[in-house]
Amino acid sequence: LRSGEYSAADAHAVQSAQLYGAVGDVQGQVASLTYAVLACSQMRRYDDAYAAAFAAHDVVQSDGRPEARLMATRALGAAHAAAGSYEDGLQLFARMIDMAREAGLASWERMARTDWLVTNLGWLTDPAALHASAPDREHLAMLQSWAENLLNQATESTPELQLRERANHYAVLAQIHVALGNTTQARAAIDAVLRDAAQLAWS
C-alpha cells in the first residue's frame, strides 16, 4: 500500500484474510479485509472494496471485541467515502466516534475523528459532488479548527504512529488552506508534510 502497488496489496490482503480465517483470528481477518478495501479503493474498484467491507462485517459478527467492530465499521466507511457516498461514510465515522468513546478507546476515537475530517473535506472539495460549486467557507473554517485541534492533542501512541498522524493532519490542513486561498499557511503545512514524509520514507 505505502509503495503504491495496490494490486499486489489487494492480493496479499485477501490471502492474509483467508489464512487468518483458517486459524480463527477474527481481528487479523478484519484488518486484512480493511487493507483490501483501501487497495481496491485506490484502484477505483469500488464493487470489490464494498465486497471486502461487507465481508469484514460478516466476520465480526462472531467477535464481541469493540476493536474488531470498529475496524469493520471503518472499512465500510472508507468504501463509501472512496465511492463518493460521503454522507454514508460520515455517518459511519460518526458512529465510530461514539463506539470508541463508549469503549474508552481514545486512539480509535482519534482515528475516527481524523477519518470524519478527511471524508468531510473530500466531500467539500469534490467537484462531482458539489456540481462544480465553491466549497462553503464557514464549513472549511470549522474543519480547519477541527484539524488544528487534532494536531495539537497529546497522544500515547508510538512515535511512528504520532508522526503518521501528524503528516495526515498537516496534509488535511494544507488542502483546507488551499481551498480557502491561504497561500502562506498552505505552503507551511505542505512543508511540514514533506518533513514528516521524509522521516517516514513515504514516496
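This is a predicted model: local features need pLDDT of at least 70, side-chain atom pairs count only at pLDDT 80 or more; totals for chains, interfaces and linings use all residues.
Trainee: Why is Tyr35 called partly exposed?
Mentor: Buried needs under 20% relative accessible area, and exposed needs over 50%. Tyr35 has 48% relative accessibility, so Tyr35 counts as partly exposed. Tyr35 lies in helix H2, residues 26-42.

Trainee: What makes Leu1, Tyr35 and Leu38 a patch?
Mentor: Patch members have over 30% relative accessible area and no salt bridge, and nonpolar side chains are joined within 5 Å. Leu1, Tyr35 and Leu38 form such a nonpolar patch on the surface. Together they have about 270 Å² of accessible area.

Trainee: Now helix H8. How do you know that its span agrees with its number of residues?
Mentor: H8 runs over residues 137-152, which is 16 residues. The expected span is 1.5 Å times one less than the number of residues. For H8 that gives 22 Å, and the end C-alpha atoms are 22 Å apart, so the two agree.

Trainee: Which residues of H8 are buried?
Mentor: They are Leu140, Leu143, Gln144, Ala147, Leu150 and Leu151.

Trainee: What covers the buried residues of H8?
Mentor: The cover includes helix H6 (106-124) and helix H9 (159-180).

Trainee: Leu180 lies in H9. Why is Leu180 called buried?
Mentor: The cut-off is under 20%. Leu180 has a relative accessible area of 11%, so Leu180 is buried. Leu180 touches Arg137, Leu140 and Gln144, leaving aside residues up to four places away in sequence. The C-alpha atoms of Leu180 and Asp136 are separated by 9.3 Å, though the two residues are 44 apart along the chain.

Trainee: What makes Arg45 and Asp48 a salt bridge?
Mentor: The limit is 4 Å between a side-chain nitrogen of Lys or Arg and a carboxyl oxygen of Asp or Glu. For Arg45 and Asp48, the closest N and O atoms are 2.8 Å apart. That pair qualifies as a salt bridge. Arg45, at 30% relative accessibility, counts as partly exposed. Asp48, at 37%, counts as partly exposed too.

Trainee: How many salt bridges does a search of the whole structure find?
Mentor: It finds 9.

Trainee: Why is the pair Arg74 and Asp115 said to tie parts together?
Mentor: Their side chains meet in a salt bridge, 2.6 Å from N to O. Arg74 lies in helix H4 (residues 66-82) and Asp115 in H6, so the pair ties together parts that are 41 residues apart in sequence. Arg74 has a relative accessible area of 27%, so Arg74 is partly exposed. Asp115 has 12% relative accessibility, so Asp115 counts as buried.

Trainee: Which helices are tied by Arg110 and Glu165?
Mentor: The side chains of Arg110 and Glu165 meet in a salt bridge, with 2.6 Å from N to O. Arg110 lies in H6 and Glu165 in H9, so the pair ties together parts that are 55 residues apart in sequence.

Trainee: Are Arg110 and Glu165 buried or exposed?
Mentor: Test each against the 20% cut-off. Arg110 has 9% relative accessibility and counts as buried. Glu165 has 16% and counts as buried.

Trainee: What joins Asp98, Arg101, Glu109 and Arg113 into one network?
Mentor: Salt bridges that share partners join them.

Key:
Residues are numbered from 1 along each chain as its sequence is written. Side-chain values use heavy atoms; hydrogens and water are left out. Patches are made of residues with over 30% relative accessible area and no salt bridge: like charges are joined within 9 Å, nonpolar side chains (Val, Leu, Ile, Met, Phe, Trp, Tyr) within 5 Å. Accessible areas come from the Shrake-Rupley method with a 1.4 Å probe; for residues, only the protein chains shown count as cover. Helices (H or I, at least four residues) and strands (E, at least two) are DSSP runs, numbered from the N terminus. Buried means under 20% relative accessible area, exposed over 50%, partly exposed in between (1.4 Å probe, protein chains only). Contact means heavy atoms within 4.5 Å.
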